[in-house]
Every structure is written in structure tokens, then in C-alpha cells.
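Please look at the model shown here, and keep both of its views at hand while reading.

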Amino acid sequence: MMTVDARGLSCPEPVVLTRDALHASPEGCEVLVDSPAPRENVLRFAASQGCQVSSEELEDGSWRLVLSR
Amino acid sequence: MEDEKRERLLVVGGGVVIGVIAALLVYLGNPGNMGFCIACFMRDTAGALGLHSAKAVQYVRPEVIGLILGGMAMALYRKEFSPKGGSAPVTRFALGFFAMIGALMFLGCPFRMILRLAGGDLNAIFGIVGFVAGILCGVFFLNRGYSLARTHKLGGAEGYVMPAIVVTLLVLLVAAPEFIHFTEAGEGPGAKHAVIAVSLAAGLVVGAIAQRTRLCMVGGIRDMVLFRQSRLLEGFVAVFAAALVTNLVLNAVMGGGYFKLGFAEQPVAHTDGLWNALGTFLLGYACVLLGGCPLRQTILSGEGNSDSAITILGLAAGAAFAHNFGLASSGKGPTAAGMVAVVVGILVVTLIAVVNSSSAKSGK
């Protein structure tokens, strides 16, 4: 599974990278984000693409989002 | 999808409240179609501090202070306040600088562009055309891997510097106005303002709403183009609709002065369509590369984001240069020097976009 490390990137880069990753591996990908706005944006985008998402908060305060379909 | 529905309602509802407040601020004393304008207000504030000496536009605008503090309060309340920065600060300063050069060619930030249209100022249509074109240029580079590198978490105190600066400005304004330059009554838009407490309260409320909804005038069009997502655009339309209705009501009740459909003799505006469009082209282009419109940058600077704080300082520097070197337009129209500056700005912004793009780059 591809991993997108979008930590520290400004909008809309996390979603652009997620979009590109889903294009490259349509079955799903893993996205790391470290602030609430990109997290919401990636979750919203995943929903619009018909992905199932699991979100897990990591120890350093960032999130691991696993998108699958 | 209940959450999604609630979020949408929040963005549209927030947009309505912001639109009504913006229109009412004009009734309460602000210049025409200028309930809010981050560009104009930063320009006025820079003038008040003597960074430029255009006597018509000098006043510490409490709305900006309120936006930053309101954004900070909401971010603290939602546990989203997070000091961070370090993503190409000087590049961001330059983008902020040229965003302001574009905004002062047009005479307004994207927020005021919407408010101008809601006041019947059809020159804003040229502004919107240029703005969308500028956003499309930025999106072109985003699709080719444009990025200004990552931000990093910073020490706690860093996030409070911008809020501390605006609190200092507020103290100066209230307690020591003799240190500030003020436009004399009747000498220009700087003299037109609501009373301090009202402006501050309006800024606080709008700042809190903008933080909660992440409203962004650039993001609305950008996300629609990139991802076919209309959420932010709906907020944008809600601001417009609410300001339009409030203006029409005020116009009917007060017998005019709040809505005038047409191009000529609009408040703080000129009728040069080409340069209105080129100004907002530069503005939209620079703002996409920054990741958000001046309003969004202002809010983020209250959330502890140093990159946005640097951007705000870039906007202020751009405003000071624009007036010190005669680059800003006036009601009479654009200046020759301003046209040169806008063209230079478009070239510089393109250069920044090219050197920070790499189609090979990915997040892996």
C-alpha cells in the first residue's frame, strides 16, 4: 500500500497527493497528516471517492488515515 | 453523511452571518463596500504606523485585530492552536507582497471583491474573471508538484507573537492614539470607520467563524477546480447573498447609499476593466501558491502559524511599497508604475511557481 506523507504540507497539497496516490493504486493508500484542516480535507475527499477510511491518532499528535475501497 | 450535512450548514450559516456583519459595518461607518477588506485594512494599518504616508488611508483597523484574536480564541477552544512554521518564509513574504500589489491594483482583497459585487459594483466582475484565471494558473502548478516544503512544529511562544503584535496595536489605538497617524475627517477612506468596539467585535465574531469553517475565498474556487468540491465555494456564495440582501434592505430603508448597480462612481473603485482583472489575476495566483486568501492567512496567523504571520507581514510591506512608490490605484484609475509592478509581480510569482514545482516530486 502506498504511503503519502502529507505532514507539514499546506492546503491543498495533502489532497492533491492523496488524489495522485489513489490514481496510482486505486485499491487504497495510507495518508499521514499532522493538523486538523488537512485531515478533514483528506477525509472529505476520500468520502467523495467512495473510500472507506480508518483514522488513527499517533503518539506525536499526527494521524494515520487508511483509505481503502 | 450527517457530519457532512452539518459541516455544509455550518459553512453556509457562517457565510450568511459574515455577509450580514460586513454589510452592517458600512452602515456603522466603514467605507462603501468595505465592511471587510484584508488588503485595504492592512494598507490602512501600515499607514497608521507610518510605513507609508498616503494621508487618505491611515487607520489601525480593529477588524484585523479582532480577526486574529477571534481566530486564536476559536483555535484554542477547539484545541487546534498549534505553533508551526518554517516553510519557505521569505518566499511566502514575497508572495504576500505581490498579492498586495495585485489587490491594490484592483482595490480590494477577494473578500472585498465579493462585497463590491454585493454592493452592485460591476467592476468586480472583471475582478472575478482575473481572480479565477489566476487561481487556474496556480492550480496548473499544484498539479505539477508545486510545494513550498514542509512546516515544522515550533516552540509555544512563537504562536503568540502575532496575537501579541495586534494586542499592542489595540493598546496603542485606545490608550496612545497620538503615536498613530490618522486620516483627517473627510480626507479619504481612512477616516471612515465604525467605532473601535464595534469594529473589534465584528472582527472577533468573523474571525471565530472563519476559523471554525476554514472559509477561504481562494480555496472555494481552487477546490472546485481541483476536486469538484463545492463546500468552501458555498460559503463564498453565502457571504455574497447575505451581503447583497442586507445592502438592498439598507438601501430601501435609508433611501440609497448601499447598493448602486453599474460601473461608474463606485466607492473606492476604478473602472479600468483590464487592470482590475490583471490585479486580481496576480492576487489569485499568489494566494493559491500561499495556500489561502488573505482572510485565511490572517486567521491562520492567529492559530499559531508563523508562515501565515510572515505572509501578513509581506502583505503589509507590499501595501507600504504600493503607496510609497505610487503603485496603488485610486478612484481615478491605475497608475503606470502600478501596471509595471503588476506585470513584474506576475513574472516573479510564475518564477516562484516554476522553481518550486517538480512533476517527479511526490509525498512518498
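This is a predicted model: local features need pLDDT of at least 70, side-chain atom pairs count only at pLDDT 80 or more; totals for chains, interfaces and linings use all residues.

Residues are numbered from 1 along each chain as its sequence is written, chains are lettered from A and ligands numbered from 1 in the order in which they are written, and side-chain values use heavy atoms, with hydrogens and water left out.

Helix α9 of chain B spans residues 217-227, and nine of its 11 residues are buried, where buried means under 20% relative accessible area with a 1.4 Å probe, protein chains only. Among those buried residues are M217(B), I221(B), L226(B) and F227(B). After α9(B) comes R228(B), with a positive phi near 55 degrees.

Between them, chain B and chain A bury about 2100 Å², 49% of it on carbon and sulfur atoms; this buried area is the accessible area (1.4 Å probe) that two parts lose on being put together, summed over both. On the side of chain B, R150(B), F227(B) and Q229(B) lose the most area to chain A, together 26% of what that side buries.

Two salt bridges are found across the interface of chain B and chain A, a salt bridge being a side-chain nitrogen of Lys or Arg within 4 Å of a carboxyl oxygen of Asp or Glu. E40(A) forms a salt bridge with R214(B), their closest N and O atoms being 2.8 Å apart. Of the side of chain B that touches chain A, α9(B) supplies the largest share, four residues.

Note on methods:
Buried means under 20% relative accessible area, exposed over 50%, partly exposed in between (1.4 Å probe, protein chains only). Helices (H or I, at least four residues) and strands (E, at least two) are DSSP runs, numbered from the N terminus.
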